[in-house]
Amino acid sequence: MLIHNFEKKLPGVFLVIGFLLLLSLLFFIPTQAKDLAQETEQYCLSCHSNPDLETTLPSGETLSLYISPEQLTDSVHSPNGIECEACHTNITTYPHPAIEYQNVRELSRSYYVACQKCHPDNYTKTLDSMHAQVAEAGNLDAPVCTDCHGAHDVKSPAEPRTLIPSTCGNCHTEEFSIYQSSVHGNALVQESNPDVPVCTTCHGVHNIQDPRTQQFRVDEPDLCAGCHADQEMMGKYGLSADVYNLYSLSWHGVDVSVYDARWPTIQHNSAVCTDCHGIHDILNPYDPNSSVNPDNLLETCQKCHPGVGPNWTGAWTGHYEVSLERTPFLYYVDWFYSIFTPLILWTCCIYVALQIIRIIVARARRSLR
Amino acid sequence: MSQLKSTPSSSPTQVKLVKTFPRFSVSQRWEHAVLLICIAILLLTGLPQKYAASAWSQTIISSPERLAMIQDIHHITALVLTALVIYHLGKACYLITRRKLPGDMLPTVQDIKDAWNMMLYLIYIKKQKPTFGKYNFEQKVTYWFLFFSIGIMIISGYVMWFPETITRLLPGGVIPAAIMAHSTEAIATAIFIVLWHFYHVHLERLNLSIFSGWLTEEDMQSYHALEYEQLTQEPRTHQDSGEIST
């Protein structure tokens, strides 16, 4: 009887127990997951937090196996639950599989592929980059993700922005030091200016291209125009935002725009911004060392126009509107034709129209007579 | 001065005699022909460079090699035009020294009066067109407009061609001024030739005297009445039909 009753109630008991179990999942699972992850990291760190932990690779290089726990917690990955095994996919437990890499570089170059799992877009972009090309050509020092972003200490890349040039400068030391003394680099270093370009502003980020190509050259005025044609941004620094438009009207600018639009890969030498202003070493034109300072301008012109005399610089109308003070010849010619051309056009039109009317009317009258 | 020319008429047995009057010398006709070809080539090779951004220009200038070729043609034609101008001016100087330069083409006060009367005629204030001599004011305007226009084109053209040499003598500011003048003057000239000159020699009447060298009596009477009177009423005794004085 008792058993019978119990059997009758059995489905209900199961339901209640099942419900309670389900309910408990809600509270239990997230906390458990977190605990597990931390346990993984802690499990790894139980050995790797030892600063003396290291191994010797077949190349003879010493590979430190120490991981600073502080660095890990400061990085973007660890606090978000992305732990050791996310990247070190081949290591699941102790003892680890034997290290097959000959040297430290080979190890970095094979581990960085793990970035692709979560960052496929940026990873794919890097494959088109100049860096990937030189790596393919055999230069294994060409940077991979971790060289710029860091490995265990990976942080949000643009914080602070001043860090970007120094990151690139780890390898491109000469460019970095030149950039630092330029008007752009100086403003970045001195004022942490948020508007000045850093390396990546002009060269791109992951798919960095070879800046020595003709394509890069003819696209370059547009690149500079990205900031220098921005009225609002230029206004902040008292700079003219018309420099690009006026350049486009100049002899050089017209030439370059034709090549840019139609033959971007064909070698052509008409001056683009950097030919006169410099590249990493751009200075304020009023700086006595600037290549476009009036005192140095002739020498700059002579780079492409060898042997021209001192009057030559006057032929450059500058990034200025036509004005009586600056370009008197141009001003008078412009003034003359702004009257002369329409005058000719209208005189001819009106005179010929009157003649035609007169002839047609006369003929119509004769035929009506 | 006049001569008779036979032209076939509708009736095969009858021969109609048309009296013709010489208007341009062989030299002048050749000058015009060379000028015409030069201006046509210069416009055809210059305009695609000026309007490089337009689609029609891009079909002409399809490659940098083509651009270089077009520039070469433009330069060679410019040299021919320069030679023509030197010949024209040289001939004028020669005739001046010989005191033989006819003054027909020089602008006079009468031309301004003619132009005024023509305007009055065109707006129905006057019933009669003014009568003209050898060159009417319209033809003088054509000549002198092109005279100065070609002068500007040649000077500015050479400034653009040899800017580095020019700036040894002149301030650099003339270079961009020459670029602007060259390309703007070209347009003004093209407009002028098409509207003014083509109207007068093609639409108003088909006047091919610059190619044939002569005008008919009828044309002389209706368009160069003063010259016609002069030629028919007091026949000149001397036979000197010097190239320009005809």
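Guide: One definition to begin with: two residues are in contact if their C-beta atoms, placed from the backbone, lie within 7 Å. This is a predicted model, where local features need pLDDT of at least 70, side-chain atom pairs count only at pLDDT 80 or more, and totals for chains, interfaces and linings use all residues. Residues are numbered from 1 along each chain as its sequence is written, and chains are lettered from A and ligands numbered from 1 in the order in which they are written.

Visitor: Okay, how many residues does the contact take from chain B and from chain A?
Guide: 29 residues come from chain B and 32 residues from chain A.

Visitor: Which elements give two or more residues to the side of chain B that touches chain A?
Guide: Those are α6 (163–169) and α7 (174–203) of chain B; helices (H or I, at least four residues) and strands (E, at least two) are DSSP runs, numbered from the N terminus. The largest share, 15 residues, comes from α7(B).

Visitor: And by class?
Guide: That side of chain B has 21 nonpolar, five polar and three charged residues. Ala, Val, Leu, Ile, Met, Phe, Trp, Tyr, Cys and Pro count as nonpolar, Asp, Glu, Lys and Arg as charged, and the others, Gly among them, as polar.

Visitor: At what angle do α19 of chain A and α7(B) pack?
Guide: Helix α19 (residues 328–368) of chain A packs with α7(B) at about 5 degrees, and their axes are 10 Å apart. That makes α19(A) roughly parallel to α7(B), a label for angles under 35 degrees. Axes are lines fitted to C-alpha atoms, for helices over the stretch in contact, and angles run from 0 to 180 degrees between N-to-C directions.

Visitor: Which residues of α19(A) are buried?
Guide: A:Phe329, A:Leu330, A:Val333, A:Ile344 and A:Cys348 are, buried meaning that 20 or more other C-beta atoms lie within 10 Å of a residue's own, with C-beta atoms placed from the backbone. The buried residues of α19(A) pack against α7 of chain B.

Visitor: Where is the kink in α19(A) centred?
Guide: On A:Tyr337, with a kink of about 25 degrees. The bend at a residue is the angle between axes fitted to the seven residues ending there and the seven starting there.

Visitor: Switching topic, how many helices and strands does chain B have?
Guide: Chain B has 10 helices and three strands. Buried residues make up 22% of its 246 residues.

Visitor: Is B:Gln139 buried or exposed?
Guide: B:Gln139 counts as buried, because it has 20 C-beta neighbours inside 10 Å. B:Gln139 is found in helix α5 (residues 137–161) of chain B.

Key. Angles under 35 degrees count as roughly parallel, over 145 as roughly antiparallel, 65 to 115 as roughly perpendicular and the rest as oblique. A residue is buried if 20 or more other C-beta atoms lie within 10 Å of its own, exposed if 12 or fewer, and partly exposed in between; C-beta atoms are placed from the backbone.
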